[in-house]
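Below is a short report on one protein model, written for a reader who has the coordinates at hand. It covers a metal site, a few individual residues and a nonpolar core.

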Amino acid sequence: MATAPGLQGRLAVYDAPGKPFEIRLFPVRPPRAGEVLVKIRMSTICRSDIHSYLGHRPNPCPGVLGHEIIGTIVELGRGITHDMRGEPLAEGDRITWSEYFIPGPSYFTEVLDLPQKSPGVDKYGHMAATTEPHHHGGFGEYCYVLPQSWILKLPDGLTDEEATPINCGVATMMCVTERAGIGMGDAVVVQGLGLLGLYGAAIARARGARLVIGLDTVASRRALGAKFGVDHALDPSAMDEAQLVKRVRELCRPDGADAVLEVCGYPQVIPAGLQMLRTGGRYVLAGVVNPGSTVSLDANLILRKLVTIRGVHNYHPRNLVEALDFVHGNRGRFPFHELVDGKYPLDEVGRAMKDAEERKVLRAAIVP
Ligand SMILES: [Zn+2]
C-alpha cells in the first residue's frame, strides 16, 4: 500500500507550556529508508508527558507529545523487513517500538552497552511538530518509526490496552527490577503505586519476590495493589517517617527489605527508603526525573549499611523484549487492561491531560 500523494494527518499540538492543544494537519510522505510509517491505534499519557506540557522540563514547541504508542504498519521503508527478534514485518502488522532512537553506533552503544544514553539520542514525543517528518509523537493519527529504533511485532492475543504501556512503563520497570537484582525470596518495597509501581510489584512477583510492600497516599491505588502482587499497601501520610520505617522493617524480617524501588518522583522519600533496607540492600531511583530533585540524607547510612544505589533512566532494548514477554505471559495473572482506565478521542487531548494530571485516571489513552 503506497502512501497516497497529498495525504495529511492530524496532530494535537501546543504552542507553549500549558497552552491549549490544537488539531493541525501536517503532510504524510512515504517512509524513507530505515523508517516505518504507522497508523496510530492508541497512545497513553505518561507522567513525563505531563511534566513536558507543564514546562517542568524543556520540550521544543510547537510540541507534539506521546511516546507510549502502538500502531499498525502503513508502509515499510527500504531496509526494514523484520522486527528486533527476527519476525517478518508486513503492512497491517500491529507493532510497538522503543520510546527512543539513536543516531548510529557510538561508544555508549558499542562499548558501554548503554544505547539509551547515546549522544544525540532522541525520543518520540520530544520534538517540535515543525521538525520533519512532523509525525513523531503519539498524539496524532500517524507516526514515523525512525531509523535506529527497536521494533517488536505484537502478538494477536494482546489487547491494545495491555500493549500500549509496554514501551515505556513496563520496559522501564523491567530495567528497574533488573538493576535492583530482584530474585527468588526477596522482600521488595515499592515507593509509589502509580502505573510504574503496579507494574514493578507484578514484575517483582514474577521474578520470585516473597513479599512486596507498596507505599502510596492514594487509597484507590493501594486498593489496586493487591491485584498486582502487593501484599501490604501502606499509606505514608497516616504515620510519621519513623513509624513507617519501623512498620516496613517489621514486615521484612529479619533485617529489612532486600530492595527498595523509588517510582513516586518525590525526593523527600529517599531517606526513609534507605532506612527500610537491610544491610547490603539495593535502592533504585526511577521516579525523580526532574532536575532539582534535591534531598539531604546521612551518607554514613549508605556506607555503614553497605547499600547499593542505582539510577534508571530509559531502558536497554533487551528490556523492551522482556516487557512484551512479561505482559503476554502474565496477562492471565495480573489485570493489566484495568490500568488504562480512560479513553479519549484525539480532539480531547486537553481533557485527557487534565484528568491524568489530577490523577482522576491511572493511565489515559488517546484513541485517534
Ligand atoms: Zn514515559
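This is a predicted model: local features need pLDDT of at least 70, side-chain atom pairs count only at pLDDT 80 or more; totals for chains, interfaces and linings use all residues.

Residues are numbered from 1 along each chain as its sequence is written, and side-chain values use heavy atoms, with hydrogens and water left out.

**Zinc site**

Cys 46 (SG), His 67 (NE2) and Cys 168 (SG) coordinate the zinc ion at 2.0 to 2.2 Å. Donors here are N, O and S atoms within 2.8 Å of the metal (3.2 Å for Na, K and Ca); water is not among the atoms, so sites may look incomplete. The spacing of the donor residues in sequence is C-x20-H-x100-C. Cys 46 sits in the loop between strand 3 (36–44) and helix 1 (47–53), and Cys 168 in the loop between helix 3 (160–163) and helix 4, so the pair ties together parts that are 122 residues apart in sequence. Helices (H or I, at least four residues) and strands (E, at least two) are DSSP runs, numbered from the N terminus.

**Buried residues**

Buried means under 20% relative accessible area, exposed over 50%, and partly exposed in between (1.4 Å probe, protein chains only). Four residues are tabulated on this basis.

| Residue | Relative accessible area | Class |
|---|---|---|
| Cys 46 | 9% | buried |
| Cys 168 | 9% | buried |
| Thr 172 | 10% | buried |
| Met 353 | 3% | buried |

Thr 172 belongs to helix 4 (residues 169–179). Beyond its neighbours within four places in sequence, Thr 172 is in contact (heavy atoms within 4.5 Å) with Leu 196, Val 312 and Tyr 315.

Met 353 is part of helix 11 (residues 349–357). With neighbours within four places in sequence left aside, its contacts include Phe 21, Ile 45, Asp 49 and Phe 139. The C-alpha atoms of Met 353 and Arg 47 are 9.5 Å apart, although 306 residues separate the two in sequence.

**Nonpolar core**

A nonpolar core is a set of buried Ala, Val, Leu, Ile, Met, Phe, Trp, Tyr and Cys residues joined through side-chain atoms within 4.5 Å. The largest one has 52 residues, of which Ile 166, Leu 261, Phe 326 and Leu 339 touch the most other members. Two or more residues come from each of helix 4, strand 10 (187–191), helix 5 (195–206), strand 13 (257–262) and helix 10 (317–329). Helix 5 contributes the most, with 7 residues. Not counting residues up to four places away in sequence, Leu 339 touches Leu 195, Leu 198, Tyr 199, Leu 224, Phe 228, Leu 362 and Arg 363.
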